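Hi,

Here is the structure I promised to pass on. Have a look at it first, then read my notes below.

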Amino acid sequence: MLNYIIFGPPGAGKGTQAKKLAAKLNLTHISTGALLREEVSRATEIGQRVQEVMARGELVDDEIVDSLIKDKIQNGHEAGFIFDGYPRTINQARNLDVLLAAKALPLTLNLEVSADELAKRLALRGLESGRSDDNEATIKNRLLAYARQTEPLLDFYADHKRLISVAGEGTMDDVYQRLEKEVS
Ligand code: AP5
């Protein structure tokens, strides 16, 4: 079994690259952002609980996200997973290690992108696709949440010798080729 985390700030290209890597490696792609947006659009109990938190650009409670992940891991196929947008807190990282301990601990692929490039990508997507959290105030909060709660995980994975950082700028194909080298 192979498990990867595709890691990086909002707009780093996690979703873009995770889809391609999952197809290449025949892994199950799990995006917690996409799972949560689906709950919101179906107006489920979880969706109603998380809607405002997501609209503010803050992190949803660990307990909610951990339960979605547990369910997906139990129902995923044995080749392995690419986690996109998860984990985002130290508690989530520990939870994931517990869930995968008997299988294969995940390797983290970290996309490095400058703050200016992130702001440009997210503002552009806000104009084009209209994702509701791609507005100026929410983007600011998402980047802050990343810096405060998620970026410290880089030390956690570096300490566990499970961190590979890759330049996340250039064309999408450039970035993919860099990642491909790391996973082949
Ligand atoms: P989530 O959906 O995970 O959003 P995010 O981390 O803010 O990431 P994005 O989807 O904006 O960016 P990305 O890195 O995937 O880049 P993408 O490929 O899309 O989370 C949304 C919310 O859900 C959170 O704010 C939180 O509230 C909640 N949530 C989710 N997971 C959670 C968790 N674990 N715990 C708690 N709360 C959680 O690319 C971005 C744009 O750039 C696209 O338009 C793309 O086309 C473009 N692009 C990509 N690569 C390139 C490139 N090389 N050059 C130019 N443009 C590029």
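Start with Gly11: if you skip its neighbours within four places in sequence, Gly11 is in contact with Leu118, Arg121 and Leu122. You'll find Gly11 in the loop between S1 and helix H1 (14-25). Keep in mind while you click around that this is a predicted model.

Is Gly15 buried or exposed, or partly exposed? Its relative accessibility is 21%, so Gly15 counts as partly exposed; the buried class is for values under 20%. Again leaving out the neighbours within four places in sequence, Gly15 touches His29 and Asp84.

Compare that with Thr89, which sits in the loop between S3 and helix H5 (90-100). Thr89 has a relative accessible area of 10%, so it is buried. Which residues does Thr89 contact, beyond its neighbours within four places in sequence? They are Leu59, Asp62, Gln149 and Leu153.

Now zoom out to the sheet. Five strands make up an open sheet, and their order is S2-S3-S1-S4-S5, with parallel pairing. At the edges are strand S2 (28-31) and strand S5 (163-167), each of which pairs on one side only. From one strand to the next, the twist averages 20°. If the word "pairing" is new to you: strands of a sheet pair through backbone hydrogen bonds, either parallel or antiparallel.

Which residue in S4 is the bridge partner of Phe7? That's Asn110.

Helix H2 (residues 32-41) lies across S2 and strand S3 (80-84), at about 65° to S2. Helix H9 (residues 172-183) lies across S1, S4 and S5, and runs at about 155° to S5.

Cheers

Definitions and conventions. Residues numbered from 1 in each chain as written. Predicted model: local features only at pLDDT ≥ 70, side-chain atom pairs only at ≥ 80, totals over all residues. Heavy atoms only, no water. Pairing = 2+ DSSP bridges. Helix = DSSP H or I, 4+ residues; strand = E, 2+ residues; numbered from the N terminus. Axes fitted to C-alpha atoms, helices over the stretch in contact; angles between N-to-C directions. Contact = heavy atoms within 4.5 Å. Buried < 20%, exposed > 50% of the residue type's maximum accessible area, 1.4 Å probe, protein only.
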